Structures are given as C-alpha cells and as structure tokens.
Amino acid sequence: MNIIRTKDYQNLSRKAANIISAQVILKPDSVLGLATGSSPVGTYQYLVDWYQKGDVDFSRVTTVNLDEYKGLPREHEQSYFYFMRHHLFRHVNLDPARTFLPDGSEMDSAKACADYDRIISGVGGVDLQLLGLGRNGHIGFNEPDSHFASGTHCVRLTASTIEANQRFFDSPDDVPREAYTMGIGTIMRAKKILVVVSGEDKAEALRAVCQGPVTPSMPGSILQFHPDVTIVADAAALSRM
Ligand code: GLP
C-alpha cells in the first residue's frame, strides 16, 4: 500500500484529484469507479475546477459508482445519483449515457444487482476505483460481515452507518435501511485503487485497514491484498499509525 500523507483535507483533495486527472489524461477512455460521502467532495471540486480551466477532459470517460440506497429514486435529494450530479456530473463533460449507479428505484434486489454487474462487466471493469472509508471500515456499503461478498448485492446497513449518515437526512428514521453496493470482488478487480481518508474519527479504522488482520469484519482490510492501492490521508486520519 502506498500511503500519501497530507497536512489537511484541502491538500488531500488536491492530491487525489491529481491522481484521477493523471489517469484520465493518460487513458482518456478510462472507467472510473466513483464514491460518495463527504470524503471525495473536495476531490470532485478540484476536478470540476480543472475541467473548467481546460486541463482535463471527461468526454470519453465512463463512470460506475460504488453504491446507492435501495428505495431512493434518482430525483431524491439524498440519493447518490443526486449527489454525483450535484458534485460532479452536471459540471463536467461526462456523457450522461456513460455514468452508471445501481438503480435505487428497483425494489427487486436480485434484478438490480444482476443488472449492475452486467453494466460493470459490459464496460470492461474499473481502471481506477476511488474509495472512502466508513468509520467501521466499510468500503462502498460493504459492511462488516462474516464473509467478503463478491458481486453487487443488497446490504442491510449497520446501526453505526445509519448513525453516521443520518446527518444528511431530516431524521434517523428517514435513512434507508438497505442499499445496493458493488461487491468486494469487483472492487478488488479494479486495476488501481485510490482511497481518501480524512479526520480523527477515521484514524482507528484506517489503522485496522492498513495494519490489522485481513478480515471481513473490517472490510477495507482486504485492500492489503490489492497490488496497486494508494491511500491519501490527512495527518488526523493517520494519527494512530
Ligand atoms: C458512506 C458511503 C461510502 C463512504 C463512507 C464514508 O456510507 N456508502 O462509500 O465511503 O460512507 O463516508 P464519509 O466520507 O462521509 O465519511
């Protein structure tokens, strides 16, 4: 694992955006695996800024997002589709026909997951996967479990994730209890992985992911087995390492 230490969130975001834009410059038809949550917001801001300055061109890029809440249609303000449109898609020249997320409005989980796996294999897999890290070590919505799930699947969110994500909703009761997420197998097949981690509240999870045993009870720990992982983290997130 290649760990890049930055002094703060701003620098972390700039480094991560540099890595993504280098990927797109070197391979203009890249498939980018994208993430939501607060961690990548600054990264997307830099990418938008550099696109507007003419430094990076997304016209041939395809994107596949990690996850989506089950039961939220695209128009819902807390859906991850809405998040991606707000933070990235509508500001850059990505082709809307090549920006993919699991379909949260599809209530048939088996169908939603099979459809999404078909999309991911149809685009040839992921060149660069961007990840955040949950406080409990989750990646995407792969929650701590007894095994590593391979393909896209429907998960029941843990109490800790519902609590962490309730800040975006009017009340904890409004947080969906289930989500569709790309599986660990799909994430691990990405050619490169870029993880952005910020803040003291992630320090213990980051330590466990990098230095603890590889176990499905700490899903991000599987990244120790990936040949090309870069973690960009600020000093607070690295404070336990
Ligand atoms: C969310 C998302 C993850 C994200 C994580 C951390 O639940 N499903 O993809 O990485 O939790 O979010 P944040 O960056 O807001 O801490």
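In this predicted model, the ligand sits in the largest pocket. A pocket is an open set of points on a 1 Å grid over the protein atoms alone, with protein on both sides within 12 Å along at least five of seven lines; a molecule sits in it if more than half of its atoms lie within 2 Å of its grid points.

The ligand is surrounded by 14 residues (a heavy atom within 4 Å), and the closest are S38, S39, D67, R167 and K202. This shell comprises three nonpolar, eight polar and three charged residues, with Gly counted as polar and Asp, Glu, Lys and Arg as charged.

Several polar contacts (pairs of N or O atoms within 3.5 Å) can be described. A polar side-chain atom of K202 lies 2.7 Å from a ligand oxygen atom, and a side-chain N or O atom of N165 is 3.0 Å from an oxygen atom of the ligand. For G140, a backbone N or O atom lies 3.3 Å from a ligand nitrogen atom. Taken alone, the ligand exposes 390 Å², of which the protein buries 94% (Shrake-Rupley method, 1.4 Å probe).

The chain has seven helices (at least four residues) and 10 strands (at least two), both being DSSP runs.

Local features require pLDDT of at least 70, and side-chain atom pairs 80 or more, whereas totals for chains, interfaces and linings use all residues. Residues are numbered from 1 along each chain, and side-chain values use heavy atoms, without hydrogens and water.

Key
A polar contact is a pair of N or O atoms within 3.5 Å; within protein, one must be able to donate a hydrogen and the other to accept it, and residues adjacent in sequence count only if both atoms are side-chain atoms. On a 1 Å grid over the protein atoms alone, a cavity is a set of points where a 1.4 Å probe fits but cannot get out, and a pocket is an open set with protein on both sides within 12 Å along at least five of seven lines; lining residues have an atom within 4 Å of a point.
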